[in-house]
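The exercises below are meant to be worked with the sequence and the 3D view side by side. Each one sets a task, and a stepwise solution follows.

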Amino acid sequence: MNAEPHSGRLNLFACGTALAVSFLAVAGGFRWAVDKQERLLHSAAPDFCDAKLHGVALIREALSRPDTLVLFGSSELIPNVPFKGVDFFAEAPTGFSIFPVGKAGTSALSVLQKLGSAGTELAGKKVVISLSPSFFLAEEVDSKYFEGNSSKLQLKELLWSEKFSDALKQDVARAMVKYPKVLEGEWILEVAMDAVAEGGYLNRILLGVLKPYAMLDLSVGRLQDHFEAAFALNDPSYLPAANPFKVKRGRSLNWDDLFRKAEQHSTALAAKSARRAPNVTRARGTWDKQFMASLRKAQEWRDFELVLRLMKEAGAKPLVLSMPLHADVLEAQGVSAVGREEYGTRLQQLVGKYGVPFVYFRDHESDPVFFVDQHDHIGSKGWWYYNKVIDDFYHDRLRPKQVTAKSELIP
């Protein structure tokens, strides 16, 4: 007669033991994953794995390090050229390293997701944002590139963060709902994004009902993200084995000597590649009006302002860098210096509105060796300028005359 209660107690004990073992396994795995991120973060710096581009853990870890400066950009981060920032600062010659985040097609709305996912980690942290002018020359963002650069986890972090205002979240949601494929397959995220975009009393009630389920879903996503980041760092075939990172403090660099080396390399590469001049299609100045009209309509301005608003609300300390326009390409298309002036002027006004330091390398738009090609890919000489400004920014040496619409960092 007592067999059934005894059996029930055994089953309950077995269930409890299984739950306890499962919890310990997950907790142990989580600790292993976090330890991997803390020890091997810098081995992920030169790589562009999914855990870094679409995750949250590695970005937050990089932002938490006083010896690491996170650089958000696009395809300019990819080409392997001497003096590229991530390699130049790899051993922290002046006390810090760079952690680049971005790949081809990473427009402002994609950068917004990555920054927004960091939440409270942004407070008081220096970050650098590299802008590609080509995004501001197209009226619409390429949806295929944008979909490939978006992250559901990053969007969830931004959407449910209490760090950002309802007004900012609503404007972000209104921008995001234009890309339904980005939200596909995540019904909670889809419903929540629509509700935030529409606003109103009933939608606030709906969001309140959804929040417990959304937070549970977000917790699972965070845990999975930590494991994916750790496995990426742990896989020798995916990322190179890395020794523990050691900061070399107190070293000063001979920037003049480095400039000469960078320019020599860029000049030699340009001679070897023998880049052809673009075909002239219109007389200079005949396309200024159309160029400026298209520039003003570009979606990137609205998206980039969302980035500036987010960083202001988060309390971040950003530096904005913009590479120059390609004067030879635009002149061949009929755009004169007067027409090209619109880009720098408009960008300076927008960044100035938020009090953000801004350096635009306009004086190099006719420099044949600043870039490595006719796209937004800087070469060794271009990276020298980027590195010098970034180093000054990290060490609080940026002078007022440097932070203008025209770079004055001439050696």
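**Exercise 1. Determine which residues Tyr-343 touches, leaving out residues up to four places away in sequence.**

Solution. Begin with the contacts themselves, where contact means heavy atoms within 4.5 Å: Tyr-343 touches Leu-131, Pro-133, Phe-136, Leu-295, Trp-301, Ser-322, Met-323, Leu-325 and Tyr-360. Before going further, note that this is a predicted model, in which local features need pLDDT of at least 70 and side-chain atom pairs count only at pLDDT 80 or more, while totals for chains, interfaces and linings use all residues. Residues are numbered from 1 along each chain as its sequence is written, and side-chain values use heavy atoms, with hydrogens and water left out.

Buried here means under 20% relative accessible area, exposed over 50%, and partly exposed in between, with a 1.4 Å probe and protein chains only. Of the 80 residues in this core, Tyr-343 is among those that touch the most other members, together with Phe-72, Phe-99, Leu-115, Leu-122, Phe-304 and Leu-347. Helix α14 (residues 299-314) gives the most to the core, with 8 residues; helices (H or I, at least four residues) and strands (E, at least two) are DSSP runs numbered from the N terminus. A second, separate core of 31 residues includes Phe-259, Val-359, Ile-378 and Tyr-385.

**Exercise 2. Describe how strand β1 (residues 68-72) is covered and which strands it pairs with.**

Solution. First consider burial: 5 of the 5 residues in β1 are buried. Then sort the side chains by direction, remembering that in a regular strand they alternate between the two faces of the sheet. Thr-68, Val-70 and Phe-72 point one way from β1, whereas Leu-69 and Leu-71 point the other way.

Finally, look for partners, given that two strands pair if DSSP finds at least two bridges between them. β1 pairs with β2 (residues 97-101) in the parallel sense over 5 bridges, and Phe-72 stands opposite Val-101 in β2. With β3 (residues 126-131), β1 also runs parallel, joined by 3 bridges, and Leu-71 stands opposite Val-128.

**Exercise 3. Explain why the pair of Trp-255 and Trp-384 ties together parts of the chain that are 129 residues apart in sequence.**

Solution. Rings of Phe, Tyr and Trp (its six-membered ring) pair if their centres lie within 6.5 Å, and planes under 30 degrees apart count as stacked, over 60 as edge-to-face and the rest as tilted. The structure holds 22 aromatic pairs. Among them, Trp-255 and Trp-384 are edge-to-face, 6.0 Å centre to centre with 80° between the planes. Trp-255 lies in helix α12 (residues 255-273) and Trp-384 in helix α17 (residues 380-394), so the pair ties together those parts. Trp-255 counts as buried at 11% relative accessibility, and Trp-384 counts as buried at 3%.

A further pair, Phe-370 and Tyr-385, is tilted, at 6.0 Å centre to centre and 40° between the planes. Phe-370 lies in the loop between β5 (358-360) and α17, and Tyr-385 lies in helix α17, 15 residues apart. Both Phe-370 and Tyr-385 are buried.

Definitions and conventions. Core = buried A, V, L, I, M, F, W, Y, C linked by side-chain atoms within 4.5 Å.
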